[in-house]
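Here's a quick tour of a protein model with RNA alongside. Take a look at the structure first, and then we'll walk through its sheets and the surface around the RNA.

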Amino acid sequence: MIETPSSAASLATPYRTHTCGALRASDAGSPARLAGWVHRRRDYGKLTFIDLRDRHGITQVVVDAGDAPEASEVAARMRPEFVVAFEGEVALRQPGTENAKLETGAVELQVRTATILNEAKTPPFYINDPDAQIDETLRLKYRYLDLRREAMQRRLLLRSRLVHAIREVHHGSGFVEVETPNLIKSTPEGARDFIVPSRLQPGEVYALPQSPQQLKQLLMVAGVDRYFQIARCFRDEDLRGDRQPEFTQLDLEMSFVDEATVMDFVERMAIEVSRAVVPERALLATPFPRFTYAEAMERFGSDKPDVRFAMELVDLEPELRGTDGAAASGFRVFDEALAGGGRVKAITVPGLADAPRSRIDELTEAAKRFGARGLAHLSVEASGSIKGPIVKFLGDDLAERLAARAGAAPGDLVLIVADTTAVTNDVLGRLRAELGTQLGLADPDVLAYAWVHRFPMYQWDVENGRWDATHNPFSGVVPEDEVLLTTASGDPALPTPDDPAGRARAMQYDIVLNGWELGGGSVRIWRHDLLERSFALQGYTRERMQNMFGAMLEAFEYGAPPHGGIALGIDRWAALLSYQVNIREVMAFPKTQSGSDLMLDAPSEPDAAQYAELGLRFVGVPTRPS
RNA sequence: GGACCCGUGGUGUAGCGGCCCAACAUGCCAGCCUGUCACGCUGGAGAUCGCCGGUUCGAAUCCGGUCGGGUCCGCCA
């Protein structure tokens, strides 16, 4: 089906001289042996055509009862998905019967002998129909059959090429590939850990790594300088189309670097990898645009903006304030939002001015679902006049100025949200993303990478009354914000939401692809004193720090170099490069939303002996905190 | 933890209170056919409608529960 770039290597074996994708007109006249699966059979009684398939392609073989009566009898017993072999002579097809749809369509194998290597049950779904809609439960149960389908083969191969290209770039750039353990120490922070009971230390457990974060930082202390790994990670959280309990990251870390060093390398790597894996797809912009978190939220309402289209958020405030600075638009929702320190912002949707009432209602519903109290709109008619339920409050003049500020042309629809800064940006950002896809503003063939960096260091944890690292507790602070790592009172044990710490920005960067967060990383806090200050602000006692990160804190006392890194989701990357929104489509053996492997029937109950050996007993269905 | 959607021969769907011991396509089995490539033609087999219970004279169809799958919210350093 797919010819690999490395097809120069001979794939001949005792069973075959060629693969099913190899034969060309130039092979006519030579003897050949082929082996593979029966893709389709067309039986004329005295003449039988069999499309023989392997992952390299399809070759037509012809069995003529007149020339090879024994082979003809064998071929008559062949059924789809039987594993079979043929021996014969490669021949040009009769003029007019060539098949342009096949790479091998100029030739056919004229069979002398046919062999059934292995019979096959009738498969539960069609392997040979590329358009078949198959229930995913079935596909997952019979994944080995699903993977035979051309679309899945293509994705497996794309993923293989992706990982290969990644390795090539890293090995060519001074990186050392290091494997880290999968049985490590549980750190009760962040996502829920998968736990593995220890037989040798009864009553104690390992955890599977959520990522090799601490280990790769320890490798920096070890002097590895540049590390990378295609690492399997595990998180015991509820699943989504883009989240599986185990997934794969490109994990890397570099020493003696600043933000730009890491971002520049990752950007060059992403470009080289993209060009190697999907040369036919255009990169929207190189170098990748870089937005600060504040700018991304202000302009796109998202920390993972899809920059394939504009439709940016526009601040309407300047038009809404009178000469005295007071908000007096006449529309109470707007005025109250501004008076309360909130915002009034808009996006302009091209061509939706004539949208029926039901469409506006849908958008309003969506806005409410996203957390807004409502959604205001203005339609710019073909004549240029502004229509909409709120025009009567604003007056024609103000309505026109708002539409003009929003950049609306005749035929456009202006959607307006008035709320707190956070809600306004978030709601408009989600509407923008949804409409961008719906209206086809985002070119599916384009790859739009972008950076978002300078995230807030902490966010206020209302429930626990403390500061919480927004990303990784080891992210470093930008140098000029170092002085902000403090509380208003000066005592880290007494945090308040108004502390200077809330304004500190992290040396944290996310790489975004077509509106998906592809990966994130940071330059770490490698200095002892700053690390302790940061942990103290997050309310960690010395004892807790010691218990959770003891090895790392100790290691940092033995000479930790300045270092930083990033992790990229390989599954998401492969999905985006394959036009898929669901990472299950680019994983060989994924699990369902409830974490089951339908093929292996996992998870399953351990037997009594396993329990006994581990000193465990099942005490009943657990209660789960929400 | 919550909301919504789906579950009918092997597969994909239709049927949504009686016309249905369930229809169509494809697959499967048998027969015929020497140039097809989603081959064609003829015939045949195959589902008590995920499971349990209820409503009703009557349930694939309505209701409740349950199991399985999916989408989303919460969750995801």
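How many strands make up the closed barrel, and in what order do they run? There are 5, in the order β1-β2-β3-β5-β4, with mixed pairing. Two strands pair if DSSP finds at least two bridges between them. Helices (H or I, at least four residues) and strands (E, at least two) are DSSP runs, numbered from the N terminus.

Before going further: this is a predicted model, where local features need pLDDT of at least 70, side-chain atom pairs count only at pLDDT 80 or more, and totals for chains, interfaces and linings use all residues. Residues are numbered from 1 along each chain as its sequence is written, while chains are lettered from A and ligands numbered from 1 in the order in which they are written.

β1 and β2 run antiparallel, joined by 6 bridges, and Trp-37 sits opposite Arg-53 in β2. Helix α1 (residues 69-77) lies across β1, β2, β3 and β5 (107-118), at about 65° to β5. Such angles run from 0 to 180 degrees between N-to-C directions, with axes being lines fitted to C-alpha atoms, for helices over the stretch in contact. Contact here takes C-beta atoms, placed from the backbone, within 7 Å.

There's also an open sheet of 8 strands, ordered β6-β9-β10-β22-β21-β20-β17-β11, again with mixed pairing. Its edge strands, β6 (176-177) and β11 (290-292), each pair on one side only. Helix α16 (residues 570-577) packs on this sheet, touching β9, β10, β20, β21 and β22, and its direction makes about 50° with that of β22. β9 and β10 pair in the antiparallel sense over 9 bridges; Tyr-227 has Glu-253 in β10 as its bridge partner.

Now for the RNA. Of the 54 residues around RNA strand B, Gly-45, Asp-135, Gly-190, Asp-238 and Gln-593 come nearest. A residue is near if its C-beta atom, placed from the backbone, lies within 6 Å.

Overall, the C-alpha trace of chain A spans about 100 × 75 × 50 Å along its principal axes.

How values were computed. Contact = placed C-beta atoms within 7 Å.
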